[in-house]
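Colleague: I'm new to this structure and would like to learn how to read it. Could you walk me through it, one feature at a time?

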Amino acid sequence: MNESDVRDRLRNVTDPDLGDDIVSLELVNDITVDGDTVHISLALGAPYSPTETAIANDVREELAGSGLDIDLSADVDSGVDPAEQILPNVENIIAVASGKGGVGKSTVAVNLAAGLSQMGARVGLFDADVYGPNVPRMVAAEERPKATKDEKLVPVEKFGMKLMSMDFLVGEDDPVIWRGPMVHKVLTQLWEDVEWGALDYMVIDLPPGTGDTQLSMLQTVPVTGAVIVTTPQEVAVDDARKGLEMFGKHDTPVLGIVENMASFQCPDCGSEHHIFGEGGGREFADESEMPFLGSIPLDPRVREGGDDGKPVVLDDESETGEALREFAAEAADMQGVVHRRGLSIERSTPEHDHDHDHAH
Ligand SMILES: Nc1ncnc2c1ncn2[C@@H]1O[C@H](COP(=O)(O)OP(=O)(O)OP(=O)(O)O)[C@@H](O)[C@H]1O
């Protein structure tokens, strides 16, 4: 079997999201047959996401009878010169945002990061919520980051994730009085002066709202996908809409909407109650043509998990844990779709400006 035979075989592998075969979609970067081994580089950018794992498995299956050993690698070209990237070893940067406070943005960020880590990915969690940095508490991080000889900070590790938080640095100062430029400076430092190492995903807990601080953050960090958290309530959805507009203006791809505190299962009578209304998140997603990433129940375990420092996504028994795992998988899948769709748009319109090429 030579390279062209392998390529022909790969035409039988379909991308389930984009609905075409991976060769036509130009997701096969390179095929090299070297003795008994075929090296295949695929343009897949969301490691451990269920869809990309399935595509890789399909490739292996398709070539199973070929007599060749299969060596798969994944590589997406971001179109940006690595020398110009702030963190070239971080493949995906997912920002978790909410239009208003208290909807569970930090909870979602922590569980997303822990969920991705549980899937096998190398994950960083960056708590950029300057006004209420509560992520360290949510994962019971008692240690503080250490400094290296060349004055870089080593993030704290929890549940296999690398964690950095404003909380580690602000100490007794009251960050509420901080204004945009100051926040920008501190965030840039936290971002650049930290030894993150190679990561598949960096999850950022943004401050709530859609003001200067959030914009400043988006200018500092090249976000590859945003997740918008809302509760089903109309007021929360209205605020989430502003979040969507902010990302739209900034050309940041939005992975989708997640609805938190959706339903409450009464522990006494077992019946389901919709305390903050019903279906608001899904309707908002439909109306704005955004993917709906899932619905997370209002469950005392979530708060307890937050207080005890163990994210509920790691709880195998509960339905809420399952809902959070499904959400994390969906978010990773959507990050993959953004990359793969972006690539196919880029290739079909070569004159397109790479930096602004985002698919929704
Ligand atoms: N699905 C849920 N079920 C029960 N409690 C929840 C749920 N989601 C969040 N909470 C609780 O609600 C409170 C607020 O959540 P969280 O801190 O994540 O919100 P936030 O949007 O990040 O708030 P902030 O505006 O302070 O950044 C926390 O005590 C958290 O444990």
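Modeller: Happy to! Let's begin with Gly104, which sits in the loop between strand S6 (90-98) and helix H3. Please keep in mind that this is a predicted model.

Colleague: Is Gly104 buried or exposed?

Modeller: To decide, we count the C-beta atoms around a residue, and 20 or more within 10 Å make it buried. Gly104 has 23 other C-beta atoms within 10 Å, so it is buried. If we leave aside its neighbours within four places in sequence, Gly104 is in contact with Val229, Asn260 and Met261.

Colleague: And where does Ser106 lie?

Modeller: Ser106 belongs to helix H3. It has 25 C-beta neighbours inside 10 Å and therefore counts as buried. Neighbours within four places in sequence aside, the contacts of Ser106 are Asp129, Asn134, Val135, Met138 and Asp205.

Colleague: What does the UniProt record say about this stretch?

Modeller: An unreviewed UniProt entry carries the annotation "binding site" for Gly99, Lys100, Gly101, Gly102, Val103, Gly104, Lys105 and Ser106.

Colleague: Which residues come nearest to the ligand?

Modeller: There are 20 residues around the ligand, and those that come nearest are Gly101, Gly104, Ser106, Thr107 and Arg303. Sorted by class, the shell has six nonpolar, 10 polar and four charged residues.

Colleague: How do I read the sides of a helix?

Modeller: The general idea is that an α-helix has 3.6 residues a turn, so residues three or four places apart point the same way. Now take helix H9 (residues 280-287), whose buried residues are Gly280, Gly281, Phe284 and Ala285. Viewed down the axis of H9, these buried residues fall within an arc of 135°, so they line one face of the helix.

Colleague: Which exposed residues does the face of H9 turned away from its buried side carry?

Modeller: That face carries Asp286 and Glu287. As for the buried residues of H9, their cover includes strand S13 (225-230), helix H8 (234-249), S14 and S16. Just after H9 comes Glu289, which takes a positive phi of about 55°.

Colleague: Stepping back, how is the protein divided into domains?

Modeller: There is domain 1 (3-74) and domain 2 (82-356). Their C-alpha centres lie 31 Å apart, and the contact takes 16 residues from domain 1 and 19 residues from domain 2. On the side of domain 1 that touches domain 2, helix H2 (residues 50-62) gives the most, with three residues. By class, that side of domain 1 has nine nonpolar, three polar and four charged residues.

Colleague: Which residues does UniProt list for "domain: MIP18 family-like"?

Modeller: The unreviewed entry lists residues 4-64. Over residues 4-64 the chain is 33% helix and 28% strand, with the end C-alpha atoms 16 Å apart.

Terms used. Residues are numbered from 1 along each chain as its sequence is written. This is a predicted model: local features need pLDDT of at least 70, side-chain atom pairs count only at pLDDT 80 or more; totals for chains, interfaces and linings use all residues. A residue is near a molecule or strand if its C-beta atom, placed from the backbone, lies within 6 Å of it. Ala, Val, Leu, Ile, Met, Phe, Trp, Tyr, Cys and Pro count as nonpolar, Asp, Glu, Lys and Arg as charged, and the others, Gly among them, as polar. A residue is buried if 20 or more other C-beta atoms lie within 10 Å of its own, exposed if 12 or fewer, and partly exposed in between; C-beta atoms are placed from the backbone. Helices (H or I, at least four residues) and strands (E, at least two) are DSSP runs, numbered from the N terminus. The arc is that of the directions from the helix axis to the C-beta atoms. Two residues are in contact if their C-beta atoms, placed from the backbone, lie within 7 Å. UniProt positions are given in the numbering used here, feature names are shortened, and annotations may be inferred rather than shown by experiment. Domain bounds come from an automatic or database domain assignment.
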